[in-house]
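Biologist: Can you walk me through how the helices pack in this one? I'd also like to hear about any holes.

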Amino acid sequence: MNASVVTSEGSLSGIAPLEAILFDVDGTLCDSDPLHYYVFREMLQQINFNDGVPITEQFFAEKLSGKHNQDMALVLFPDDTKRGMKFLDTKEDMFRRLAPEKLKAVNGLYEVKKWVEGHGLKRAAVTNAPRENAELMISILGFTDFFDILIIGNECEHPKPHPDPYLKALEALQVSKDHTFVFEDSVSGIKAGVAAGLPVVGLTTGNSQHVLEEAKPVFLIKDYNDPKLWTALQDAAMLAE
């Protein structure tokens, strides 16, 4: 990580003045992992994957969560990726059908939205989700007009965990990585942000603290109501004045 953005544990003071915040979507804006897990479990059992034994939450978290569809196809159908991509297209259709009734914002998200707008910060959504999924989730949450831009991993040269999506967001927003940070909830996402030279605040909405810490976030929060986050935001804002 660039020396100018290195922050102490629980602090974002190293990036003051703050110019922009970049948000992942799945698991970061909304707690979508339980729905993804449910759809995968049901559909894989229907095709007798793993001899009909349902996949576990641990399998989902370690092998599927946060990854883009090509990588998931390789995990599930290593000998037939064409079948894997067809399966995933069907899975995404089912996810989108269920999403409007099932998805809820991560606790405290709207308070963060208000804070970001009040401080006039630039913002982008950066995700490995298919564009149709990302746009739907953002719309369900009422965030369509909040983001300046939506960056899709598969529309970049390389998706997360490569840094390309975050570097593309910085370029599109015309902001410095030295004055920007990221909200992420997955190992691949945190690794992507760190590789782009950005401090990352990790959310433990879908993965354990131990697993996420290995990806080197600046600090972890349970959700956007976490006092640790608000202390860090207020400190960064004060230093910018």
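Modeller: Helices (H or I, at least four residues) and strands (E, at least two) are DSSP runs, numbered from the N terminus. This is a predicted model, where local features need pLDDT of at least 70, side-chain atom pairs count only at pLDDT 80 or more, and totals for chains, interfaces and linings use all residues. Residues are numbered from 1 along each chain as its sequence is written, and side-chain values use heavy atoms, with hydrogens and water left out.

Biologist: Okay. At what angle do α3 and α4 cross?

Modeller: Roughly 120°, and the axes of α3 (residues 69-76) and α4 (residues 81-102) come within 8 Å. Axes here are lines fitted to C-alpha atoms, for helices over the stretch in contact, and angles run from 0 to 180 degrees between N-to-C directions. α3 and α4 are therefore oblique to each other.

Biologist: Is the crossing of α3 and α4 left-handed or right-handed?

Modeller: Right-handed. A crossing is left-handed if the near helix is turned anticlockwise from the far one by less than a right angle, and right-handed if clockwise.

Biologist: Which residues of α3 and α4 meet?

Modeller: From α3, Asn69, Gln70, Met72, Ala73, Leu74 and Leu76; from α4, Thr81, Gly84, Met85, Phe87, Leu88 and Glu92. Contact means heavy atoms within 4.5 Å. By class, the contact of α3 with α4 has 7 nonpolar, 4 polar and 1 charged residues. Ala, Val, Leu, Ile, Met, Phe, Trp, Tyr, Cys and Pro count as nonpolar, Asp, Glu, Lys and Arg as charged, and the others, Gly among them, as polar.

Biologist: How far apart are the axes of α1 and α4?

Modeller: They are 10 Å apart, and α1 and α4 pack at an angle of about 135°. So α1 and α4 are oblique to each other, and their crossing is right-handed. The α1 side includes Leu35, His36, Tyr38 and Phe40, and the α4 side includes Phe87, Leu88, Met94 and Phe95. The contact of α1 with α4 has 12 nonpolar, 2 polar and 3 charged residues.

Biologist: And what's the angle between α4 and α6?

Modeller: About 5°, with the axes of α4 and α6 (residues 131-141) 11 Å apart. That makes α4 roughly parallel to α6. Glu92, Phe95, Arg96, Ala99 and Pro100 of α4 make the contact with Glu132, Asn133, Leu136, Met137 and Ile140 of α6. Those residues divide into 6 nonpolar, 1 polar and 3 charged.

Biologist: Switching to holes. How many cavities of 30 Å³ or more are there?

Modeller: A search of the whole structure finds 1, with a volume of about 240 Å³ for the largest cavity. Of the 23 residues lining the largest cavity, Asp26, His36, Ser65, Gly66 and Lys67 are the closest to its centre. On a 1 Å grid over the protein atoms alone, a cavity is a set of points where a 1.4 Å probe fits but cannot get out, and a pocket is an open set with protein on both sides within 12 Å along at least five of seven lines; lining residues have an atom within 4 Å of a point. Grid points are joined across faces, edges and corners, and a volume is the space filled by probe spheres set on the points.

Biologist: Which element gives the largest share of that cavity's lining?

Modeller: α1, with 3 residues. By class, the lining of the largest cavity has 6 nonpolar, 8 polar and 9 charged residues.

Biologist: What's the volume of the largest pocket?

Modeller: About 230 Å³. Among its 14 lining residues, the closest to its centre are Ala61, Glu62, Lys67, Val187 and Val211. α2 and α8 (187-195) each supply at least two residues of that lining.

Note on methods
Parallel < 35°, antiparallel > 145°, perpendicular 65-115°, else oblique.
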